[in-house]
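Please look over the structure below with attention to how its parts pack together.

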Amino acid sequence: MTGMVPALVLTYGPSGCGKTTDCGYSFPNALFIAARGALQSVTHTCGYSPAQIECKTIDDATKTLLDLQKKGGNYDAVVVDDFSFLAEQTMAVYEKKYSGFTLWGKLRDATLDFRNAARYSKCHVVLNCWEQAPKTRTDGSFVRGGPMLSGKLPEQMPAMCDLVLRSGEESMRRPWKGIYRCNYNSKYVMKDRFGVCYNLSPAPMNLGEILRSAGYTISRLKSLSWQEEAVEAFSIELENVADPYTKANELFGLLLAKGIDPKAAKWTLRDAMDRMVIRRTLHNTNARFVV
C-alpha cells in the first residue's frame, strides 16, 4: 500500500447477505467495531476470532479512530459493523439530551465528524450499513436508495468514500452467491474512484480481492502466511483450464491432503477464484475501446 492513500469503503445491503463475513475474509488483521455476537459468522466461517471492541455511539467510534491515528497499532483496517446500528444507538443516547432539529443536527454532525476522521485515517476504513430504499420526502425531493441513515446522510456519508457498493446475491453464481453492485444509477448511491468495480459490476463479494486489483496490499493472517502465494498460483491455474470448478475441487483436495484446515482451504480457493474472475473481466474490458 506504499504511496497509496488508505481506502474508505461503504457497503450497504440487507441484513444477512454476507457483508460481515466478507470483511472477516478480506481484513483478518482489522479492528472490528461491532456489538457482542455480531462477528460469529466470521468465527464459524473463516475460522478465527477478529480483534473487536464495542462502541455505544458514533462519537466513541470517532475517538477510536483518532486514538489509532495517534498511537498506531497492528491493524491495517477498521471495520464498523454495522454503522446503521451504531447510528441508531447514537440516536437513542442523544434523545435523552436533545430534541427536534437540534437532535437531528447533532446526529448529522457526529456522522460527518466520523466520516472526516475515517477519510484521514492511516488504515483502511470499512463501513457496513443496512440498506434504505429510494424515497420521496414530504417536500417532494427525491432521496436515492443507499445506506440506512437519516436526513441527507445517505448522500453525504458516501461523498468522501472511495467505494460505495450495494451488496446482494445472484442465485446462479457459485459456489458463493454474494455480489457487490456498482454502476451509475439514478435510484441508488454507488461509487468507484478506483475504476475497478464499474467494470466488474456485479463484482464478487470480496473486498480484499477488489482492493488488491486496485493496487493495494492487503495482509493475511500470520497463521496463514502461505495463503497469498497459493492464491496467486491457484488463480493462474484456474484461468488456464476449461472447467475452473472441477479444477478448484482438485486444488481443494490437494490442500486437505496437506493437512490444511477445511475453512482455510475454502478461504484460499474463494480468493483464487475471485481473483481469476476479476482479472479476466478487467482484461477483457481493457482489451476493447468500445464495449
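Which residues of helix 4 are buried? In this predicted model, local features need pLDDT of at least 70 and side-chain atom pairs count only at pLDDT 80 or more, while totals for chains, interfaces and linings use all residues. Residues are numbered from 1 along each chain as its sequence is written, and side-chain values use heavy atoms, with hydrogens and water left out.

**Helix 4**
- The buried residues (under 20% relative accessible area, 1.4 Å probe, protein chains only) are F83, S84, L86, A87, T90, M91 and Y94.
- Seen down the axis of helix 4, these buried residues fall within an arc of 155 degrees, so they line one face of the helix.
- Their cover includes helix 3 (58-71), strand 4 (77-81), helix 5 (100-119) and strand 5 (124-132).

**Aromatic pairs**
- The whole structure holds 7 aromatic pairs, meaning rings of Phe, Tyr and Trp (its six-membered ring) with centres within 6.5 Å, counted as stacked with planes under 30 degrees apart, edge-to-face over 60 and tilted for the rest.
- The rings of Y25 and W267 have centres 5.3 Å apart and planes at 65 degrees, so this pair is edge-to-face.
- Because Y25 lies in helix 1 (residues 19-26) and W267 in helix 11 (residues 262-286), the pair ties together parts that are 242 residues apart in sequence.
- The rings of F83 and F114, with centres 5.2 Å apart and planes at 40 degrees, form a tilted pair, and F83 lies in helix 4 whereas F114 lies in helix 5.
- F83 counts as buried at 0% relative accessibility, and F114 also counts as buried, at 0%.

Technical notes: Buried means under 20% relative accessible area, exposed over 50%, partly exposed in between (1.4 Å probe, protein chains only). Helices (H or I, at least four residues) and strands (E, at least two) are DSSP runs, numbered from the N terminus. The arc is that of the directions from the helix axis to the C-beta atoms. Contact means heavy atoms within 4.5 Å.
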